[in-house]
Every structure is written in C-alpha cells, then in structure tokens.
Amino acid sequence: MASMLIAHISDPHIVEQPKLCYDTVDTRANLARVLARIETMRPTPDLVVLTGDLVDEPSAEAYATLRETLGSLSIPLILLPGNHDDRALLAKSLPEHNYLPQGGGKAHFVIDRTDAPLIVGFDAVVPGCEHAFVGNEELDWLAQALGGNSSRPTMLMMHHPPVHTGLAFMDAMQPPLDPRFESLIARHRQVRLIVCGHVHRTIDAVFGGTRVAVSGSTGFQFEFALDPNTPPRFSLETPSIRLHHWNGESVTSFTAPLAENWPSFGFPGVNEATWPEMMRRMRDGASRNDVYTPETAAEG
Ligand SMILES: [Fe+2]
C-alpha cells in the first residue's frame with residue numbers, strides 16, 4: 001500500500017427536501033458544503049468514508065435526497081449505517097454501495113483495495129435503539145474478518161465509538177460493551193485506526209491499544225458539556241473534516257475546518273526557488289536558524 005489520504009465525515013442526518021432537520025438545520029446544504037470542500041482540498045483525498053446516521057428519519061425520500069447530495073462527489077465513497085438509518089432501505093436506495101447487504105442484514109463488510117488499508121465495516125447498531133451492542137455473533141464475524149489478514153494495516157469503520165467519550169448524555173445511553181471486543185482489538189495489532197461518528201464532536205480516544213478517531217457531524221454538533229447535570233444542546237459551530245494520512249504502515253490524523261478562504265503567508269525567505277535547497281539542508285541536519293532566515297535562503 002502506498003500513501004493514501006482518507007477524508008472522514010459523519011452523521012449528515014439528511015432530511016428530505018425541503019424540510020429542515022429539527023425544523024432548524026439545513027443538513028442537506030451542510031453536507032453539500034462539506035463535500036464541495038473535500039473536492040477542492042489539496043492534496044485531494046483518495047477516498048471518503050462516512051460513518052453513519054446518513055439520514056435523520058429513514059424514508060425513501062430522505063435516502064433519495066442523500067443520494068442526490070452525495071452525487072456531487074467525484075471521490076470514491078464508503079459508508080455504513082448508524083442508529084438513525086434503516087439498513088434495508090439504505091441498501092435499496094443506494095444500490096451502488098453494493099458491499100451493503102440487501103434485505104436488512106448487518107452491514108458488516110471487508111473492502112480490500114490495493115491502494116488502501118484493509119477496510120473493515122463493523123455494524124454494532126441495534127435497530128430502533130440508540131446504543132451499540134457487540135455480542136457473540138458480532139465478535140465471531142470480526143474475529144474472522146481480522147484473523148486472515150494479520151499483517152495488513154487495517155482500518156475499522158463503525159458508527160458508535162467503542163469508548164465512553166465524556167459527553168455525559170451520550171455515555172448515559174451506552175451500556176458498557178463486552179470486554180471481549182477490546183481484547184479482540186488488542187490481539188490484532190494490524191488494526192491501526194478505528195473511525196466512527198455518533199457523538200457529533202471531533203474526539204480521539206484509545207481502545208484496545210488502538211487509536212479511535214471520531215468525526216463530528218457534517219450537519220450539527222452536540223455542545224461540549226461534561227457535566228451530567230447540564231441538559232444537552234445542539235450547536236451550529238463550523239463542522240470539520242478529519243483527514244487520515246496512511247503512509248503504508250501507520251496513520252496520522254488531521255482535522256480541517258470547513259472554511260477554506262482564510263489568509264496565509266510565507267515563511268521568511270521561503271519560496272519555490274529557495275525551498276528545495278532549504279529542504280535538503282534540513283534533511284542533512286541543519287538547525288532552524290540555518291534554514292529559515294532570508295540571509296541563509298539567499299546564500300542557498
Ligand atoms: Fe448522529
């Protein structure tokens with residue numbers, strides 16, 4: 001696997017046009033803005049992953065609106081359902097995502113692209129419920145999916161984070177998961193990253209020794225609140241996009257804000273002509289003062 005850049009977004013909560021989500025948020029327009037931003041990023045992401053709650057209330061119309069909105073994306077997309085979705089209706093409405101089982105079966109999948117980490121979609125959603133559940137059936141499937149590929153860097157996709165995040169009202173809805181799940185992850189060191197959503201905030205955590213990267217929602221966030229006595233509120237702060245950069249073996253994660261029109265300015269003495277020599281000096285061990293001064297750059 002060569003290096004690869006994966007854009008990670010979540011929880012668009014699309015409602016059918018022209019409705020607003022919770023009568024307030026134009027989640028369709030918000031998703032469209034995020035997709036447009038991803039399209040114009042440089043470097044351009046190679047792949048987009050979307051970790052569930054694709055619609056707010058499942059209906060054929062909502063999924064049709066989702067499909068139309070996603071249609072603007074020219075980059076390959078992998079998605080899975082969340083607790084707001086209907087597996088059967090999703091698979092029927094977006095048939096191009098043919099790794100999703102038809103008929104409402106669990107959306108477990110393994111996607112093996114030569115240019116990417118092994119991508120394992122793991123469905124711990126309980127239809128009609130807010131919380132995730134991992135039992136014998138789920139553990140057996142995951143053990144099999146991970147067991148045959150022990151040397152291949154792997155990214156696990158799921159909707160719910162497998163950890164309590166500290167957002168009190170979300171944690172309250174999630175009973176502890178079976179500890180065998182964490183042990184299973186700990187035994188499979190090839191799982192370098194678990195990407196998920198659900199909590200509508202950008203969060204990082206560790207589970208079974210592996211990093212968990214949670215993407216906020218493209219539509220609306222949950223206000224940051226750790227106090228269980230504080231009633232939860234929606235927040236219309238700017239969404240952000242997670243960028244997972246795989247170098248072939250390991251992965252680092254960035255966060256890009258939605259806006260793209262902020263000003264930027266150059267380092268002293270750094271331009272297209274001076275940069276190659278300055279980079280060479282740094283790689284040879286030059287200190288910052290040897291490189292980032294107009295005088296040194298002029299000498300180079
Ligand atoms: Fe959500």
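Here are some questions and answers on a predicted model.

This is a predicted model, where local features need pLDDT of at least 70, side-chain atom pairs count only at pLDDT 80 or more, and totals for chains, interfaces and linings use all residues. Residues are numbered from 1 along each chain as its sequence is written, and side-chain values use heavy atoms, without hydrogens and water.

Visitor: Which residues coordinate the iron ion?
Guide: Donors are N, O and S atoms within 2.8 Å of the metal (3.2 Å for Na, K and Ca); water is not among the atoms, so sites may look incomplete. Here the donor atoms sit at 2.1 to 2.3 Å. They belong to Asp11, His13, Asp53 and His200.

Visitor: Are Asp11 and His13 buried or exposed?
Guide: Buried means under 20% relative accessible area, exposed over 50%, partly exposed in between (1.4 Å probe, protein chains only). By that rule, Asp11 and His13 are both buried.

Visitor: How many residues apart in sequence are Arg87 and Asp123?
Guide: Their side chains meet in a salt bridge (a side-chain nitrogen of Lys or Arg within 4 Å of a carboxyl oxygen of Asp or Glu). Helices (H or I, at least four residues) and strands (E, at least two) are DSSP runs, numbered from the N terminus. Arg87 lies in helix H3 and Asp123 in the loop between strand E5 and H4, so the pair ties together parts separated by 36 residues.

Visitor: What is the relative accessible area of Glu138?
Guide: Glu138 forms a salt bridge with Lys106, with the closest N and O atoms 3.2 Å apart. Glu138 is buried, because its relative accessible area is 5%.
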